[in-house]
Amino acid sequence: MLRLICPTVVVVMTLALAISLFPAVAAAQRRDAVVIGTAQEPAGLGPWWTLAVGVMVENSVSQELVSRNEKWQLIPVLAEKVPTIKDGDWEVLPGGKMRLTWKIRRGLTWHDGKPLTALDVRVTYGMLRNPRSPTVSRFILRKIDNMLVPNENDPYTLIEQWNERYPFANDHGRDWPHRPYPRHILEPTYLSDPAKLRAHPYFRAPIGSGPFKFKEWVAGSHTTFEAYEAYKGPGGSPRIRTLTYRYILDSTVLQANVIAGQVDATDINNFSCEQMAQIERRNSQVAAHYIPALLWEHVDFNHDHPWLKDKRVRQAIAHALDRSAISEVSCLGGRQPVAHTWLPQRHYGYNPNVKKYDYSPDRARALLAEAGWATVGPDGIRRNARGERFEISIMTTAGNAIREQTQQIMKDHLRAVGIDLKIDNRPASVLFGQITRRRQYPHLVMYAWVFSPVTDGFALWHSRQIPREANNYEGNNTPGYSNPEVDRLEEAIVQELDEAKRKQLLMRQQEIWAEDLPSIPLVFRLALLTNKKSIRNVKPVQLGSVYLPWNANEWQQ
Amino acid sequence: MQRFLVHRFLQMGVILVGLSIMIFSLLALTPGDPVDLIAASDPNIRPEDVKALREYYGVDDPIHVRYLKWLRATLKGDLGYSRTYGQPVARIIGERIANTAWLLGASFLIGFSIGIPIGIHSALHQYSRSDYVATVFSFGGLAMPVFWQGIIFILLFAVWLPIFPAGGFTQPGYQGWWVWDRLRHLVLPALVLGTHGWASWTRYMRSSMLEVLRQDYVRTARAKGVPEPSVINSHALRNALIPIITLLALSFPGLVSGAVITETVFSWPGMGLLLYQAILGHDYNVAMAALLFHALLVVMFNLMADIAYAIVDPRVRYS
């Protein structure tokens, strides 16, 4: 037996050695291949899914009528131009209705060679609109009465009939029908049973119309796309030959891959600022981008709680916190700006001149005393006239290191002004699945919203959007904030088609909001992306619907 | 033996049904469901949309109705459809089992072929310097958490000394012979999982061998002048291997669960990673199938241990 085992050891060792010596050349990436690493894997492609990474991967193979570039300007992609009110192809009709006329680019083809026309867009609208399809959000679909291709001989003109005013009708996004799917492939399933659309093999192996065509998807590992030489859209056919997404769920391992040069770029990488700094230190060939994004980290107050109903108490808590210290927790060196309002700086409606709550424990104590929390007990915690001890709790996603460190800082700072903060965290699926949606947090809850350029705040701050059992938990006004003037402003904002006027309304809304302070704005989080410096023409956009490889057809190594 | 086998197979059936009820209820009790996750990510979703989605995915049926539906389909051989992958569960699992088999096979080979000889050596030279070295290393190997070791190996052998890829199971677009590609990716995860294997095999083999070497028949063999290599090989080692064979069968399911962490760290698309993603994504059909597969392995290998025991040890008879 021993004689048998010893040779086995030798064989195994030799084999391992041989494999290790096997030319590292094989591992070296080919110059015309780009590998993008992400810390998520798409559950599936198509409008039935909500994971950001799915949108990123799908964007490589199929496109929308319009998109946004690195300056966040709307650009036509499948459409010849973006309809505007000024040009007359976006008409505002009496009775609050609207009509948009889209011209689809001629000469575009699906990757199987079939032409892409307005009929594809119209059928896609029908598929999403069908009550039996598992479409996630019908928010926009409900606003569109119909889509028509009026002239059979001109299958490139599309009329969109809107049943209400909506300022972003010419935009795109996750729940827009502005990404066509190939009619010739999906229509038979749609006509026989729309409920089966989601399981159509198309959504695992799409035939799109973008600059890259689908090659393979190995679940748990990677998805690969190849250059589509016949691509006629913006930017032209790709300079690189293949584009691969590698799914590496552990962000430490993803980081090692970046340092080792085995992935060329990353987005949706779950990196912290610290990890980004390590990457820059360890591999000078990698460019690390810290991009201001539309991520708003904040703490909601539960307005149903009698203590927190008092504006002075909310303001006192804001004054008690050193939010620049909190910002340093997640990103050292003052890179990440402290938030003073709810709209991030890169949003067109951002108001820099709202009331700011600077770090001032004295001001906090004065406000608390004014609000009836004048006496401080022997334990250093304040009491009100009824002798109640000022003890509140804060919830957030368990296991999120940055948020948990933030809570520790908050606890210290609030104790200094006589408030006892208890920490009570939940897994993300519970926090978002139940607690925030049903407003089941007693006092404070910390989480982030990811906004887009079309964010108007209606679902967040209008009093009708407070989720209640009576309204079947509609809306995202999680704090339970209610102010009649804000309600009026929000109603005007969602109807206002003139951007300059809408901006004024949003600025005013933020002034009132900052005074009322339904939530404490903490920081505007940065989006963290990497790419090898050897890849040229990388233009990070960082929107919830456009990701790093949006112009990968223009990349060159 | 025949009666014993029939008996055991019947038992297995009951155990598996019981386990499936337990696993199903536990999964159903985990807070949140796929529709909650979808709804939470979309600020504009309307309650009626959520209601329609809940109906579409059938998440509101009472738990026993869902279980019976699942059981009926499974007994017909239909493991259902993966919510996440939009494919039949059987097909997804089929692909993944093959990948896990690669990893388990390799790590087992490493663990066993290193651990057993070292264990024998340690026992034969008890309290020698080499025994101490082996002991230190095997305890070290046992004490190292798999995820930590995985990350350290990636740092050592993929970042500082870039001879192996940092995770994954194939290099997309690789032009050469696929077996090489696979083996290069296999080395690090197999070594990590194998370290745990050899560390424990060394300990088991050492103690089992020491136990046997103290037996009367070994002393008798030596006394009657049997040459030492023959004493070790045919008298001591063969008997010392009996408990090892049992442990071998029993350790296999443990290896599978160890693979969950290793596969996650190394992005190795096997059963472990699949299970991890399925639970996070509330993909119950896949999670059920993967967990039951694990359960089946445990039960099967237990039975195999018993049978192997009877084969290698003539003193054991089942009737």
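Predicted model: local features only at pLDDT ≥ 70, side-chain atom pairs only at ≥ 80, totals over all residues.
1. How many salt bridges does the rule find across the interface of chain A and chain B? There are two. Over all chains, the structure holds 44 salt bridges.

2. One of the salt bridges within chain A joins A:K143 and A:E164, whose closest N and O atoms are 3.2 Å apart. A:K143 sits in the loop between α3 (118–129) and β6 (144–148) of chain A, while A:E164 belongs to the loop between β7 (157–162) and α4 (183–192) of chain A, so this pair ties together parts that are 21 residues apart in sequence.

3. Now for the interface as a whole. In chain A, 68 residues are in contact with 66 residues of chain B. The size of an interface is often given as the accessible area lost when the parts come together. Between chain A and chain B the buried area is about 5800 Å², and carbon and sulfur atoms give 61% of that area.

4. One helix pair across the interface deserves a look of its own. Two packed helices are described by the angle between their axes and the distance between the axes.

5. Sorted by class, the contact of α5(A) with α7(B) has six nonpolar residues, one polar residue and no charged residues.

6. Stepping back to chain A, its domain assignment gives three entries to find in the viewer: domain 1 (26–61 + 210–285 + 533–554), domain 2 (66–196) and domain 3 (294–526). Between the C-alpha centres of domain 1 of chain A and domain 3 of chain A the distance is 35 Å.

7. Finally, chain B has 12 helices and zero strands. Its pattern along the sequence reads α-α-α-α-α-α-α-α-α-α-α-α. The C-alpha trace of chain B spans about 85 × 60 × 35 Å along its principal axes.

Note on methods: Residues numbered from 1 in each chain as written. Chains lettered and ligands numbered in written order. Heavy atoms only, no water. Domains from an automatic or database assignment. Nonpolar A, V, L, I, M, F, W, Y, C, P; charged D, E, K, R; others polar. Contact = heavy atoms within 4.5 Å. Buried area = accessible area lost by both parts, 1.4 Å probe. Salt bridge = Lys/Arg side-chain N within 4 Å of Asp/Glu carboxyl O. Helix = DSSP H or I, 4+ residues; strand = E, 2+ residues; numbered from the N terminus.
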